[in-house]
Each structure stands twice: as C-alpha cells, then as structure tokens.
Amino acid sequence: APTPLDPPAATQRPRLALAGLLGALALASAVGLMAVSGWLISRASEQPPVLYLMVAVTCTRAFGIGRAVFRYAERLVSHDAVLRHLAEVRVAVYQRLERLAPAGLRGHRGDLLTRVVSDVDALQDRYLRWLLPVVSAGVVSLAAVGFLAWLLPQAALALAIGLLAAGVLAPMVAATVARRAERAVAPVRGELATRTVDLLGATAELTVAGALPRHLAEVERIDGRLTRIARRSAAATGLGSALTALACGLTVAAAAVAGAQAAADGRLSGVWLATVVLTPLAAFEAVNGMPLAFQQRMRVQRSQERLREVMETPIPAAEGTGLPPADPYPITLHNLTVRYQDAPPALQDVSLTLTPGHRVAVVGPSGSGKTTLANTLLRFLDPAAGRYSLGEYDADAVRRIVGLCAQDAHIFDSNLRENLRLANPDADDAGLWHALRAARLDDWVRGLPEGLDTPVGANGAQLSGGQRQRLALARALLADFPVLILDEPAEHLDLPTADALTADLLAATAGRTTVLITHRLTGLDEVDEILVLDHGRVVQRGTYQDLACADGPFRSALGHELESGHPELVTP
C-alpha cells in the first residue's frame, strides 16, 4: 500500500510529468509574449508594411491565449494527479491506524486527526508548490538564458546571475530564517487540535468544576503561539520576495545597460533592445514563487516525519487472514506473556481455557492486566510468549469468533436503529427487538414516541449511563459472536445500577461463552470460574464458592465489599 514516503503510483506519474510540461509551456508563453511584444512595438514604430508584422502579431496572440490555456490545463492535470495520490495515501494512513488500534495508538485523538487530515493535505504542496514549480522554473530559466545568449551574451550573463540569486540564494535565505517556524507549524497545530477536542468533549465537566476559563486560556495561548509562528513564516516569505524583487530590478537594469551599449556599438539592432530588457522581466515570473516553495518544502518534510511516526509504529498484532475453524473450541491461552512494545510484561504466564457456554470473570485492581487480557483475546495484541489457539489452530481469525462490549463503547450520533444495525446491517426489526429484550431495554424503547428511530445524541448524550451500556450490550448480542467479552460494563455507574446491570448482563449471556472483566464481585456466583489478577499474574482462580472460602485477596475484597459496598481490589 502507498505510504506518505512513497512517490505517486505509476498511474499518476504521467499526469505529473504532463503537468510539469504544461506549467513550463505556460511560463514560456509569458516570456514569449513579453519578448515578441517588445519587438513588435519597436518594429511597428518604424512603420513597416503591415505584412512584415503579421508573424509577430500572430505569435503575440498565440502566446497570450496559450499562457491562459496552458496554466488552466496545468492546474487541472496537476491537481487531479495529486488529489488522487492523496486519496491513496489517506487510505493507507487510515488502514495503518486501524491495524494499530487500540493497543498501538500512543497519540491523542486530536493529534491523530491532525495527522490524518492536515499532515496528509500538506503533502500536496510537495508537488503543487515545490517539485512542479521548480521543474518549470528550471526549464524556462534555461530557455530564457539561451534565447538572450543568442541575442546578447552580456545580457544573458546578467539574467543567469539574477535568476540564480532569485531562484536559489533568496529562497535559501528565507528558508534559513523560517526553518524553526516551519518545523513547528505541524506539531503546534496538532497540539491545538488536541486541546480543542478535549475542551469541546468536556465542556460540561469543566464548567461544573470551574476549570473552563483556565482551559480556554490554554487554548488561546497555543493559538497565540501558532499565530506568532505564522507571522515569522510570513516575515520570511516577505524577505524572500523582497530579495527576489531586488534581484529582478538589478537584472533588468543590467540588461538595459548592456543592451544600450550594444545598440550604440552596433552589435544589437535597436528593435531588439526592448526584447533584451523585457525578457528578463518576464523570466523572473518563473522564480518569484521560489521563496515560498522552499518554505513549503520544509513544512512538507515535517508533515512527512509525523506521518512516518504513524506508518512505522510497530503493529501490536498480526492481521488475521484465515477462516475461523468450524469448531473453535476449546479456546486456549497457554502460559501467555504479553507486553506493550519494550515495556515490562503486562501479563505473565497466564493460562485460560474457554469451552462452549463457559463463563469466566476476571477481577483485580486497576493496572493488574485485565484490559490487556481482553485486548489479547481480541488479538489487538499478540503475545510475546506462549500460545493462543482456537481448537487445534492458531488464533488467526479470532476477531470473527470473539466480540467485545466495552465500558466506553461508542454510541454514534444517530438513532437507536442505526446504532444497533452497526453490528448486523442485515438485521430486521424483529432481530433488533430481540436484542433489546435480551438487554432489558425493550420496555423503555417501546415507551419512546419515536421508538427505534429515537435520536441518541453525540456519544449517547440523550441516554443515561445504564441505558448506554445496555444499548452497547444489545449491539454486541446482535453481532452474535460465539464468545463475548464484557469489559467493565458497569464502570462509572452507581452501585445499585451497576449490580442490576451486571445481573442482567449475566442473564442475557446465559449459554454463551463469556468473559466478564469487572471490579465488582457481587453476582459473580453466576459464573463458572473466576481469575484474580495482580501485577499481570493469576494469583487465584476457581469458583466463587471456592474463592470465597479460601484465604486470599478475593475473600478479603469480598468481605470489604459486603461491608462497605466497595471492593478492596480497587486501587486509586
């Protein structure tokens, strides 16, 4: 798949080559128009027969029309090729993010959004404002110098020096001044997006806590920093433009002096003097944009570096490509060790066997490895050691077998029907109501005026915490995975609601292989096996009755929960 570091696909390269040729023809037409016009005016002042001027008149018209036509065609072809290339790159970046999620994503979603949108968009300037203008400017500059060398070598030398100063030296000076600013633009833009997303997502909480003014001030501070960077960049661009204009003026003056001397000495016909003066003036159109092009090059390089960080981040789990076996049971984890990149093991020597209808609860303090176990079962992470298998096969197609109902399951800003059908687009209303009934949400939905067409708001804003979790459960049940992982489904709910929801979840998943990850111990007498994790290791395992009677962390936490309502396994 294409990456931000690759050149465009072979299908786009001919388009880019054609765009470069059209750009050079547009600039050459501008130079030709000025040169021929100068000769035509000078020759016409001598009042020759009109037929002597017809070729020049025709060329003037052709160059005038060609300049506009070639420029339009160049814009059309170049943007078509570049936008096609950007579409391929954006898909490649998104696919990489998809393979990295969730365990391999280290950046904030605001910064990731900036990389997928702004940094990918910045790549178009690699061609539109850097490579194509440089190629066109180089070709036309050589042609203009060659033409003047035929007319007057001294003027050609002045033009060559002027174009070199305006096209290379002035952009290098401007780029040196703007280097720090251009490299800072993309990271600061990403930081601003991060802060803005946080602010918009937590406005209510920040307002209640009285922290909204402080966070607004932080966003304004970062925005001010971005504004100052833009000012420095604009100042560098202005400096480059001033140096280019100075070089242009000096070159035209030098060409005029050389032309006047040559005309006085008889080395140049007087009618060509205007051409000698006007040709350098037109030729500088090719290099006027070079200071900005050099700055865009630095900005593109920084965006490429940020995208390279995404594209070269190690994939935490290999992509499953195989078909699931007809009978995936038993699903076995044998002496599994799992770590995040080079960090210490998050799970160590963990073994687990899931058979049809077997229900397991995984408990433990925060940071004990419960969510890592869920990520491993879903193959968001691959084990560093041990084996994960479906029956007699390696767990290559496990995501077609194991589903997830997460504590932070996303609810889309649509209606109930569309949120449910995300799990099964072909489900009819009868299937939707069956899933809602299993999640004990059907009576509430029937009481709504719009029923299944009721909007739920952004991330389920119109739902209570319990309703949001039950909707997520109904969606997971509708997907009908043989194995279902319930990851902290009652988190952030009050204790009575949490206990009621846990009981309903266990009832809804009766007969289905289930892994329940939870802090709460109430209701776990309904599961077949309990694993107690601590620092990534299984410190206890057994049935609820066995663990409740044996000395250990489970019995201690259960006693504390019965007395206070909060399990001792929970750590700050």
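**Reading the salt bridges**

Author: Across the whole structure, a search finds 23 salt bridges, a salt bridge being a side-chain nitrogen of Lys or Arg within 4 Å of a carboxyl oxygen of Asp or Glu. This is a predicted model, in which local features need pLDDT of at least 70 and side-chain atom pairs count only at pLDDT 80 or more, while totals for chains, interfaces and linings use all residues. Residues are numbered from 1 along each chain as its sequence is written, and side-chain values use heavy atoms, with hydrogens and water left out.

Reader: Which residue forms a salt bridge with glutamate 74, and where do the two lie?

Author: Side chains of opposite charge can pair when their charged atoms come close. Here glutamate 74 pairs with arginine 71, with 3.3 Å between the closest N and O atoms. Both lie in helix α2 (residues 54–100), three residues apart, about one turn of the helix; helices (H or I, at least four residues) are DSSP runs, numbered from the N terminus.

Reader: Is glutamate 74 buried or exposed?

Author: Buried means under 20% relative accessible area, exposed over 50%, and partly exposed in between (1.4 Å probe, protein chains only). Glutamate 74 counts as buried at 6%, whereas arginine 71 is partly exposed at 26%.

Reader: Which parts does the salt bridge between arginine 417 and aspartate 429 tie together?

Author: The side chains of arginine 417 and aspartate 429 meet at 2.5 Å, N to O. Arginine 417 lies in helix α11 (residues 416–421) and aspartate 429 in helix α12 (residues 429–438), so the pair ties together parts that are 12 residues apart in sequence. Arginine 417 is buried at 17% relative accessible area, and aspartate 429 is partly exposed at 37%.
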